Amino acid sequence: MDSETATISADGHGGHPAPTSFWRKYIFSVDHKVIGIQFLFTSLFFALIGGALAMLIRTQLAWPFREVPGFFPTSGGVMLPEAYIAMVTMHGTIMIFFVIIPILSGAFGNFLIPLMVGARDMAFPRLNMYSYWIMVPAFLVMLAAFFVEGGTAAAGWTSYPPLSALADMVPGSGMGQTLWIVSLLLVGTSSLMGAINYITTIVLMRAKGLTTFRLPLTIWALFITAILVLLATPVLTSALILLLLDRGMGTHFFLPDGGGNPILWQHLFWFYSHPAVYIMILPAMGITSDVISTFARKPLFGYRPMVYSIMAIAGLGFIVWGHHMFVSGMSPVLGVTFMTSTMMIALPSAIKTFNWLGTLWGGNIHFTSAMLNAIAFVAMFIIGGLTGVFAAATPVDIFIHDTHWIVGHIHYVLFGGSLFGVFAGLYYWFPKMFGRMMDERLGKIHFALTFITFNLVFFPMFILGASGMPRRLADPYQYEFLAPLQGLNQFMTYSAFVLFLSQLILIGNFAWSLFRGRQAAANPWQANTLEWATTSPPPHDNFETIPVVYRGAYEYASPLIAEDYLPQHRWLDGATPTTVPQPAGD
Amino acid sequence: MTVESISTFGNEVDSLFLIILIVTGFAFVLTEGLLIYFLIRYRHRDGSKARYIHGNRQVEILWTLVPGLMLFGLAIYQTGAWQLIRQILPAESEALVIAVEARQFEWHPTYPGADGRLGTDDDIEAPINVIQVPVNRKVIVRLSADDVLHSFFVPALRVKQDAVPGRPISLWFEATKVGQYEIACTELCGLGHYRMRAFLTVAEPADFEAWLAEIEAR
Amino acid sequence: MSGTMSVGAVREHPLPEGTEQPFPGLSTEKFAVWLFLASEVMFFAGLIVAYLTIRYSSPSWPVVSEVLNVPLVAANTFILIVSSVTMVLAFDRAERGEAQFRYFLLATAVLGTIFVTIQAVEWAELMGEGIHISTNLFGATFYTLTGFHGAHVSGGVIWVLIVTIKAFRGRYAKNPLGVELVGLYWHFVDVVWIILFTILYLI
Amino acid sequence: MATTDHKQRRPYLQVFAALTVLTAIEVGVAALAIDKTVQIVVLLALAAAKATLVALFFMHLRYDHHILAIIGGFPLLLVVIMIVILMADRVSSGQ
């Protein structure tokens, strides 16, 4: 990082000359907006792959080993057990590492951070470009694994050794597992580059007057998320390297044969992967906060408690990883410690929920597609959070650990939470990204179908879990105590098909709006934050002049003016910012 | 939980589940109820303007302390059950100690012979995938794994424990009802993971002794 | 709802609060290098934690002072410390605008190369005794930790050489930031070695 | 860059001397036949002192923006947590 690599324009907010060639403009672009949209398209593509894998998994759970027309030609259309666990592994891996993380941090983070802090670009535009282009080999390596001998990795998305370390234990433990490791190493590098860029931009390149406690919560959330990425990802990197050495160099870090310790992998893996859960939910929380405040036309309730609870979640997130390991053989004394810290991390989540409710209270709620999805986030996150309390209680976790209870819980958080947050953000910022509005009617139909079928697919998982149905079983009905659950599983599978098909409405709406949507004004939602202070889509350098910020991001329904919104950069004559009432709750 | 509980500590687990269900159920109804009420009550009407309120310190303190205390209370409350199930093993002298080794994709139980101790020459290797124990007697299982991770899950006992190669782990239970119950592997262990099924037979002490004598004779 | 905001028409008005830069004079590059170093701390933490747990749960572990050539490595540690001193002097001279800083940079690169070479000699010695990465957990942890540190030193030497070449071409005369950045990385690698030397060779 | 008093000489050579002496003491302590626990604690303390000297003076944390020290120092907290928990798991379940 030399002084010449980062070009700082005269106004000190970054920026670089506009590219002229097609390649520099759309492919190897250093413009954060283009990079964000690149991340958006690739992760939506991978969402389709991950979703298709989920359909195969659901098919198997409804009708084990029945022929699936068009799939699995080598085994007569039947999904063999090795194929099933490979599907489960790849569904988890793709959805987590190639969909949720890149769409939240990569797409929304890239697109929004410079716009919302009033900068012309990221601190290091070229590093930003690399962070996307190092994802591309990661994508390719992971996809290539589908075509190598033995197939993809099949040791679960957690890839616990020895299963993942010994090549002869499961078919996918050969080349497929190696590719899995290499791909995740690349993803980790990309995330790190992004995180360094985001933190630097948010800390050092804010517009004048944009103090830390005037930042929108989306930025706060992306900022804390970047810190989590920065400090957690390298630990996964080191663990992946040790696993790679075990596989290729004959070491025994995780292999008991040579004195190694398989549980060490679990510690290192969850030291990353628990914070990763917050990497996947915090940005969606930020998006939800902004969308809810905008469409309730009301200041966000308890701005500072919201910020502090994001910090608390992140901080506690580093000391709860052991709750994934209550039955792993980890010392039971540590189980008590981890159980207590896990119970405590539920608190900031509860505080956030109450503040969202407080924001809606006394509001003037407009039910746009973005708002509906943001409300769904809150409603579903409550279920995701509360079902986590069961899993935190160690004696109960003994029973529900590795059952569909956990699968239901994670999907209520990551689909019901993160993905509804992504939908909300997509409907909300689509006009800013592409200069056109998405179709509201299709948006609402998509929302209604998704919301209903989502619950039909995932709520029954708690019933399955409470009945003791373990996850990752290619044929659960081998067990007498699970045989009665097949009917319920078939119902869930039908619902899942509808859920998957409903997403075609979103894709159609997206594609149609991209070319035919109504032209978007600069500030179609009458929102307050800085990205709405520029055209839709913004010019290459984001702002004609860098705006100056006079107040916080949530001055809706202000008594000072007739309109019900007061943008951060709007100067009010005769009203110095100090006369704006201070929040009573701080 | 829908599976019948047949262990001494099973009811504690189930009642804890119920308590958490009540607490979280209350929180669920409260928050979702308020959410729906607010959505209807404060929907957009022409000419209306939202309240200009940024927060309230008193309610923030209230809704931090109350759930905080409830969660902390839950955490403290359930340590007892955890201690009972996991932290304190019964004395080996008053329990039947057996060894179970997990391998891809079967369970290998071993019983002590006449000397009542494992690891001696007279150990009895029982048939795979059948673990028989006497009713109303404490049983300590020394769980180990030969190749990869497995997990020993007996839903009826409310027992689940990973079997870790290189790290033998002891667990205990006391079954209170005669019958046959299923054992499942719940840690992904390879392509045969889904059929790594075994049975726990809980028998009257006399039947158990007879069974043990029979397999020893074989 | 339709937008009514005028776009881009922002006039400057007096700013009563919160207008000052939070960290005046702090360059984005230096900030970013520190963030990178923080992530590097966590990377080495993962490796070191793995080493410590494995070592202190192993029933047998070689007596380190008998297996490893501690006097040689102590000398090597001294060399790396000297290289840190030449690096910091390079920055000091560059800050004062004294052209001498280029020779301090060169000396740092040379010392770094010597360090890596001696490390290679030590590896060869150890392999000669039949201890390879796959021999046992001692070998696995030793080669992994020293190997990743050595790779960091090698990368550092390349970075220092690039900066040195640029320096001889007249860069950094007005702005020594580039020297400061490579220095931060170099000292960090030194710090890692200080820790590794103690936990691998001495305890 | 951000250093305001960079014309003032900094104690680089004194730090160098201290690092050299501390390293020599370390090697000496390692060779002593004393209680292993005491030895480990002393050696770790010496290593921490050396690392701190390099960070404060060579990496200029003493003179630079405090935010940089926070960035560099915060991970150490996580490292300590990680080491304590993993070592605890090793001790209390080690069989």
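**Figure 1. The contact between chain D and chain C.** In this predicted model, 36 residues of chain D and 39 residues of chain C form the contact between these two chains. On the side of chain D that touches chain C, helix 1 (12–31), helix 2 (36–58) and helix 3 (66–93) of chain D each contribute at least two residues. Helix 3 of chain D gives the most, with 13 residues. Sorted by class, this side of chain D has 27 nonpolar, six polar and three charged residues.

**Figure 2. Chain C, built from helices.** Chain C has six helices and zero strands. Along the sequence, the pattern of chain C reads α-α-α-α-α-α. Of the 203 residues in chain C, 48% are buried. Among the contacts in chain C with a separation of 6 or more, 80% are between residues 24 or more positions apart. Chain C makes no contact with chain B, and the closest C-alpha atoms of these two chains lie 11 Å apart.

**Figure 3. The contact between chain A and chain B.** Five pairs of chains are in contact, and chains A and B share the most contacts of these pairs. The contact takes in 82 residues of chain A and 75 residues of chain B. On the side of chain B that touches chain A, two or more residues come from each of helix 1 (10–41), helix 2 (57–87), strand 6 (150–154), strand 7 (159–163) and strand 9 (179–185) of chain B. Helix 2 of chain B gives the most to this side, with 17 residues. The residues on this side of chain B are 38 nonpolar, 20 polar and 17 charged.

**Figure 4. An open sheet in chain B.** Five strands of chain B form an open sheet in the order 4-10-9-6-7, with mixed pairing. Strand 4 (130–134) and strand 7 of chain B are at the edges and have a single partner strand each, so one side of each lacks a neighbour in the sheet. On average, neighbouring strands of this sheet are turned by 20° against each other, direction ignored. Helix 3 (residues 205–217) of chain B packs on the sheet, where it touches strand 4 and strand 10 (198–203) of chain B. The direction of helix 3 makes about 135° with that of strand 4 of chain B.

**Figure 5. Pairing of strands within the sheet of chain B.** Strands of a sheet pair through backbone hydrogen bonds, either parallel or antiparallel. Which sense is found for strand 4 and strand 10 of chain B, parallel or antiparallel? Strand 4 and strand 10 of chain B pair in the parallel sense, over five bridges. In this pairing, V130(B) has F199(B) of strand 10 as its bridge partner. Strand 9 and strand 10 of chain B run antiparallel and are joined by five bridges. Here F199(B) of strand 10 is the bridge partner of E182(B). The bridge partner of F153(B) in strand 9 of chain B is A184(B).

**Figure 6. The two faces of strand 10 of chain B.** In a regular strand the side chains alternate between the two faces of the sheet. In strand 10 of chain B, the covered face holds A198(B), L200(B) and V202(B). The uncovered face of this strand holds F199(B), T201(B) and A203(B).

**Figure 7. Helix 13 against helix 14 in chain A.** Two packed helices are described by the angle between their axes and the distance between the axes. For helix 13 (residues 404–434) and helix 14 (residues 440–458) of chain A, the angle is about 175° and the axes are 11 Å apart. An angle over 145 degrees counts as roughly antiparallel, and the two helices of chain A are therefore roughly antiparallel to each other. Helix 13 of chain A makes the contact through G408(A), H411(A), Y412(A), F415(A), G416(A) and Y427(A), and helix 14 of chain A through G443(A), F454(A) and F458(A). Five of the contact residues are nonpolar, four are polar and none is charged.

**Figure 8. Helix 10 of chain A.** Helix 10 (residues 332–360) of chain A has 29 residues. From its first C-alpha to its last, helix 10 of chain A reaches 43 Å, close to the 42 Å expected at 1.5 Å a residue. Of its 29 residues, 21 are buried, so helix 10 of chain A is largely enclosed by the rest of the structure. After helix 10 of chain A comes G362(A), which has a positive phi, near 75°.

Definitions and conventions
Residues are numbered from 1 along each chain as its sequence is written. Chains are lettered from A and ligands numbered from 1 in the order in which they are written. This is a predicted model: local features need pLDDT of at least 70, side-chain atom pairs count only at pLDDT 80 or more; totals for chains, interfaces and linings use all residues. Axes are lines fitted to C-alpha atoms, for helices over the stretch in contact, and angles run from 0 to 180 degrees between N-to-C directions. Helices (H or I, at least four residues) and strands (E, at least two) are DSSP runs, numbered from the N terminus. Angles under 35 degrees count as roughly parallel, over 145 as roughly antiparallel, 65 to 115 as roughly perpendicular and the rest as oblique. Two residues are in contact if their C-beta atoms, placed from the backbone, lie within 7 Å. Ala, Val, Leu, Ile, Met, Phe, Trp, Tyr, Cys and Pro count as nonpolar, Asp, Glu, Lys and Arg as charged, and the others, Gly among them, as polar. Two strands pair if DSSP finds at least two bridges between them. A residue is buried if 20 or more other C-beta atoms lie within 10 Å of its own, exposed if 12 or fewer, and partly exposed in between; C-beta atoms are placed from the backbone. The expected span of a helix is 1.5 Å times one less than its number of residues.
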